[in-house]
Structures are given as C-alpha cells and as structure tokens.
Amino acid sequence: PLLLPSFADEEKLQALKTEFARDWYSPRFMQRKAKRQAPCPVERNNFQDMLLVVKERGMTVVPTFSLFAGNRGIPAIAPKLAARDAKGAAKASGLCYANELTGKFLERFFSFIVSKYFSGHMEWACLRLDDGVTLEDGSFVLCECPGCRKNHVKNLVGVIALLKSKGVAKVVLTDGAAAVRKGGLLTSELVKALEKAKLKESVL
C-alpha cells in the first residue's frame with residue numbers, strides 16, 4: 001500500500017502508518033511467506049517511474065481501492081467523512097456516503113490519481129469489498145447513519161459511476177471473504193442496480 005502525501009500533512013501521514021500483515025506464496029521457495037510492514041509514502045515521482053517501467057514491459061497496473069472495506073486511511077485524513085455507528089459516533093474505518101463532503105472528496109481523489117498518474121485515462125480499477133460488512137473484531141464497517149443504512153448498494157454503484165466518469169474502462173469488484181460469510185455487497189441486488197444504471201457491462 002502507498003500513501004499519497006498530497007492528501008495529508010506530515011502529522012496525519014504518520015498516523016496512517018498502521019502496521020499490517022502480508023501473506024503470499026513464493027514459487028521460488030515453494031512455500032508461503034508472511035511479514036508485517038507499514039505503508040510507504042510516495043516520494044517525488046517514483047510512482048510515475050514505476051508505472052512507466054510496467055507499461056514498457058507490456059503489463060497493466062490495476063489500482064485497488066478499499067473504499068468499502070476496512071479503510072482506516074481516509075477517515076484518519078478527514079474525520080468528517082468517517083462512517084458513523086448506530087449512535088452517530090465516528091468510526092475508525094469506513095466512509096459516510098450520505099455526507100456530501102464524501103462525494104466531493106472522492107471526486108477530487110480520483111481526479112488527482114487519474115490525471116497525475118495515468119495521463120487522464122485509467123484502463124482498469126479495482127474496488128475491494130472483502131471487509132465490506134464486518135471486521136476481524138466483529139464490528140460492522142459500513143456506515144450506520146440513517147442516510148447510509150439502506151443505501152449501501154446505491155453508494156457502491158455511485159462510486160463505480162464516478163470511476164466511469166473519470167474514464168475508467170473496467171471496474172473489478174473483489175470479495176475474497178464472500179464464500180465464508182453472508183450479507184456482503186456482492187449480491188443479486190447489486191447486479192440489478194448495475195443493470196438499471198447501465199453499468200453492468202463495465203463491471204467484472
């Protein structure tokens with residue numbers, strides 16, 4: 001994970017450096033590996049340099065956003081956008097999509113990324129929904145304010161529509177935990193909502 005300094009001052013960036021676990025399979029050693037690390041701030045133009053190298057090698061970068069999963073980053077940068085619990089208190093993760101400031105922030109956020117790193121055209125984008133309902137401690141991650149409670153599918157469709165408006169050709173939805181829990185965001189209701197919004201063909 002990379003931190004984008006343009007969206008936070010140094011003090012808030014330090015607060016975002018929450019250690020996380022990485023777990024992967026190594027073909028070289030034929031075994032699984034794991035380690036803990038903190039997100040790395042993007043320095044100068046090294047992210048653009050990485051994208052150029054990847055493009056020169058015939059590969060495609062698919063940026064992944066955890067806007068509906070257990071995202072601690074954006075609420076930490078902008079607490080006013082944080083999801084609310086049933087009593088109206090701000091949560092440590094997630095966003096309140098009933099808050100018009102959230103829409104304005106995401107508009108600026110995606111515009112910045114698409115224009116700065118992808119020359120105005122992002123071919124692919126991925127939205128992680130893995131923790132879209134409950135976190136490891138059992139807490140509910142989505143906003144529970146009256147404006148969000150019954151509109152989570154509508155909010156997800158809205159984010160997809162926003163990505164499309166920024167020139168994203170295909171949006172990939174991932175939910176690795178869908179097979180082991182119920183009540184996720186990948187539902188038949190979502191498919192119907194995408195069809196109604198004429199976005200179904202753009203989502204994988």
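Residues are numbered from 1 along each chain as its sequence is written, and side-chain values use heavy atoms, with hydrogens and water left out. Because the model is predicted, local features need pLDDT of at least 70 and side-chain atom pairs count only at pLDDT 80 or more, while totals for chains, interfaces and linings use all residues.

**Exercise 1.** Describe how helix 6 packs against helix 7.

Solution. Helix 6 spans residues 152–165 and helix 7 spans residues 188–196, helices being DSSP runs (H or I, at least four residues) numbered from the N terminus. Their axes lie 10 Å apart, at an angle of about 45 degrees. That makes helix 6 oblique to helix 7, since angles under 35 degrees count as roughly parallel, over 145 as roughly antiparallel, 65 to 115 as roughly perpendicular and the rest as oblique. Helix 6 passes helix 7 in a right-handed crossing (the near helix is turned clockwise from the far one by less than a right angle). On the side of helix 6, V153, L156, V157 and I160 meet E189, L190, A193 and L194 of helix 7, where contact means heavy atoms within 4.5 Å. By class this contact has 7 nonpolar, no polar and 1 charged residues.

**Exercise 2.** Characterise the crossing of helix 4 and helix 6.

Solution. The two axes come within 10 Å and cross at roughly 35 degrees, and helix 4 passes helix 6 in a right-handed crossing. Helix 4 contributes L106, E107 and F110 to the contact, whereas helix 6 contributes V159, L162 and L163. The classes here are 5 nonpolar, no polar and 1 charged.

**Exercise 3.** Determine the volume and lining of the largest cavity.

Solution. A cavity is a set of points on a 1 Å grid where a 1.4 Å probe fits but cannot get out, and lining residues have an atom within 4 Å of a point. The structure holds 1 cavity of 30 Å³ or more, and the largest cavity has a volume of about 30 Å³. Its lining includes L67, F68, G94, Y97 and C143, and divides into 8 nonpolar, 1 polar and no charged residues.

**Exercise 4.** Identify what lines the second largest pocket.

Solution. A pocket is an open set of grid points with protein on both sides within 12 Å along at least five of seven lines. The second largest pocket is lined by 16 residues, with L51, K55, Y117, F118 and H121 nearest its centre. Helix 2 (46–56) and helix 4 (100–117) each give two or more residues to this lining, and helix 2 supplies the largest share, 5 residues.

Terms used:
Axes fitted to C-alpha atoms, helices over the stretch in contact; angles between N-to-C directions. Nonpolar A, V, L, I, M, F, W, Y, C, P; charged D, E, K, R; others polar. Points joined across faces, edges and corners; volume = space filled by probe spheres on them.
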